[in-house]
Amino acid sequence: ACRSARKLMKISTAPIPNNSGLLIAFQSRADLLDGGADTGVSQVYWAEYDKKNHTSILRRLTNGNGPSLHPYVSEVNSFIVFESSATNLPGTVGGAGSSIYMSTLLTAPSPQPPTLRQLTVPTDFGNCSYPVVDAGSVADHIGFVCDGDPLGNSTVGNRVFVIELSSLTLFQLTGSGDVQ
């Protein structure tokens, strides 16, 4: 049992809790809901923790044909943003390359399972990675890094972008150099 637990820890990575510790998202190559075998493809999972009863419920957010990585939990609205190169995530257009996605709310009264919204497409944004959600009171801004030129301003390399969800406005924060 200890060996199995150590193996799962090696293939389940990038944990990130929300501020209260009641939600934690992470990526795993293990099929955690069906035996724990290493699938070789990372998926995004989240766990809901019940402090009163010290129990948790584990749920899978993605089950795509490509890796889903770097989940980030919103502090305010309990949704997850992540990057994925899967081309078969339900309700999305996919595309060759890595895009940024966000889930609907993870907790009641939202529908379960959550649905996904694709925020970037590789044809315009290039490959995108490392999404984050602002810690403000409405979690209205999602930041990420992309190597495309979606604003058509002739910049090249890795650039930092922010989408303001309420207005669907895209901002480019860097214009020269190459963000690492």
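R60 counts as partly exposed, at 27% relative accessibility. This value, like every other one in these legends, comes from a predicted model. The structure holds 3 salt bridges. Each view below shows one of them.

**View 1. R60 pairs with D31 in a salt bridge.**
The two side chains meet at 3.2 Å, N to O. This pair links distant parts of the chain. D31 sits in the loop between β2 (23–30) and β3 (38–50). R60 belongs to strand β4 (residues 55–60). D31 has a relative accessible area of 18%. Buried means under 20%, so D31 is buried. R60, at 27%, is partly exposed.

**View 2. R59 and E48 form a salt bridge.**
Here the side chains meet at 2.7 Å, N to O. R59 lies in strand β4, and E48 lies in strand β3. R59 has 27% relative accessibility and counts as partly exposed.

**View 3. R29 meets D38 in a salt bridge.**
The side chains of R29 and D38 come together at 2.7 Å, N to O. Are these two residues buried or partly exposed? R29 has a relative accessible area of 29%, so R29 is partly exposed. D38 reaches 34% relative accessibility and also counts as partly exposed.

Note on methods: Residues numbered from 1 in each chain as written. Predicted model: local features only at pLDDT ≥ 70, side-chain atom pairs only at ≥ 80, totals over all residues. Heavy atoms only, no water. Salt bridge = Lys/Arg side-chain N within 4 Å of Asp/Glu carboxyl O. Buried < 20%, exposed > 50% of the residue type's maximum accessible area, 1.4 Å probe, protein only. Helix = DSSP H or I, 4+ residues; strand = E, 2+ residues; numbered from the N terminus.
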